[in-house]
Amino acid sequence: MTVKNICCIGAGYVGGPTMAMIAKKCPDIQVNVVDINEQRIDAWNDPNVDQIPIYEPGLAQLVADCRGINLHFSINVNEAIEKADMIFISVNTPTKTYGIGKGMAADLKYIELCARQIASVATTDKIIVEKSTLPVRTAEALKKILHNTSNGVHFEILSNPEFLAEGTAVQDLLNPDRVLIGGDETETGKLAQQELVDIYANWVPKERILTTNVWSSELSKLTANAFLAQRVSSINSLSELCEVTEADVSEVAKAIGADSRIGSKFLNASVGFGGSCFQKDILNLVYISKSYGLNEVADYWEQVIIMNDHQKRRFAKKIVEELFNTVAGKKIALLGWAFKKDTNDTRESAAIYVADYLLNEQANVVVYDPKVTAAQIYSDLDYLGTRSSDDNKKLLQVVSDPMEAISDAHAVAILTEWDEFITIDWDQVQERMLKPAFLFDGRRILDSESMRTKGFEFYQIGRG
Ligand code: NAD
Ligand code: UGA
């Protein structure tokens, strides 16, 4: 078989961009991206390509180049399954919120539903690709469901986890450090693996396409995220020590990162990591380790999350302490709500937790983010469930101009490292704020000497 038709179930942050890249690089393959969320599919099909549901630099152009030619977005899941030679499962795998493993394990109900739907619809042999991040050995369950509920159709299961980071998704897809493809070590397993290797080989150098067994591939994805998050928690733990010892965390990061064994990337101290995956994947790793009775392994990784929660809390607490231990009724401007710059994704963003802490202290919080909508911000807060939706709306305001956020504010806190916050007219900000003008830099994007010269009471993560 040479793959001519691909179906991707799940048109989210991974499914959309990944399939757009495959469509762009493989003009001979028809790519159908399907989802049960009709609103999302409508947005992917919006005639104005700038209205697609995910903001990523370069993505709108990529979609514009292929949409309607060999890239299609639809809610007709069954039809796309039936036509496909290869099916990517790219649905969400959030942390379970109920039952066994609540708050820790990955919720695999969406994956299982996909498997059952594929089995009931398929009439020809297919290669099933796990694109979602899954606990190690999920392919075993998938195989059982597919083989026991299908009508004699043969399925090969591959694991092909995605390593793109949001905000740089297009670049990461175009030029990945590696592509990982896990498959069964049987003859048919190897053939299926080769089919997927051939697709990526259209633009990825062969030496960067790694093939492993399925379990190594599944586990490598959780491990990669755990190692990345661990680096952030490590540098964040040191940021607190720097603040009390007058060391500067950026200088420490530079000094240690110069050692090629350590490396310089992913050592930026921050208000805490966010995003849909780091926390979920580490909790999953902890859960899996515990379920095998490996309690020390579980405790080791859990500490990465404990440190991250501490970092978010300590930043919020610092704001309250500096503002004379009371923020009730005080206007506090939060610059940034997305979990990092160049994305409109807010899942697990540190800003949500900082805002929640300040709202508990009855602060009057005003938020500005260049890409996140007010509806999303309120929905994030409502989801936490700390207070009623009406109270969230009463206490927190969302504005579309940063100057409106900072006017007459007691304090400004930077929570996302958007470039526009570096170039904002900080003299004007200082003039418009109430005095003393407190500025809290949770992303280390501002120069501390120059901010102090402008008259700010300036605090920066990781600097005493
Ligand atoms: P997402 O929530 O943005 O998208 C998932 C989509 O799947 C949703 O639109 C949902 O409606 C759809 N869906 C769920 N069940 C379905 C079904 N039965 N049929 C059709 N559609 C269905 O999620 P995401 O951020 O794209 O993440 C998907 C997976 O990729 C997760 O496992 C995640 O851990 C992993 N991942 C995410 C990223 C990232 O940057 N977001 C990076 C690497 C890996
Ligand atoms: C991360 C991984 O980088 C991807 O490889 C992976 O595919 C993805 O998770 C996933 O599985 O979902 P992402 O969460 O999109 O990607 O973004 P990152 O750049 O990793 O940033 C995560 C969080 O860590 C952000 O809040 C960011 O601000 C924070 N961070 C990152 C720091 O605080 N300091 C750093 O030095 C780096």
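I began with the accessible surface of the protein chain, which comes to about 20,400 Å² (Shrake-Rupley method, 1.4 Å probe; for residues, only the protein chains shown count as cover). Carbon and sulfur atoms hold 50% of that surface.

I noted that the model is predicted: local features need pLDDT of at least 70, side-chain atom pairs count only at pLDDT 80 or more, and totals for chains, interfaces and linings use all residues. Residues are numbered from 1 along each chain as its sequence is written, chains are lettered from A and ligands numbered from 1 in the order written, and side-chain values use heavy atoms, without hydrogens and water.

I looked up burial next: 53% of the 464 residues count as buried, that is, under 20% relative accessible area with a 1.4 Å probe, protein chains only.

I then took the secondary structure, and found 19 helices and 14 strands (DSSP runs numbered from the N terminus; helices are H or I of at least four residues, strands E of at least two). The radius of gyration, taken over C-alpha atoms, is 24 Å, close to the 23 Å of the globule rule for 464 residues, so the protein chain is as compact as a globular protein of that length. That rule is 2.2 Å times the number of residues to the power 0.38. I recorded a C-alpha trace spanning about 75 × 50 × 45 Å along its principal axes.

Asn 284 counts as buried because its relative accessibility is 3%. Leaving out residues up to four places away in sequence, I listed its contacts (heavy atoms within 4.5 Å) as Met 104, Ala 105, Ala 106, Leu 134, Pro 135 and Leu 222.

Note on methods:
Buried < 20%, exposed > 50% of the residue type's maximum accessible area, 1.4 Å probe, protein only.
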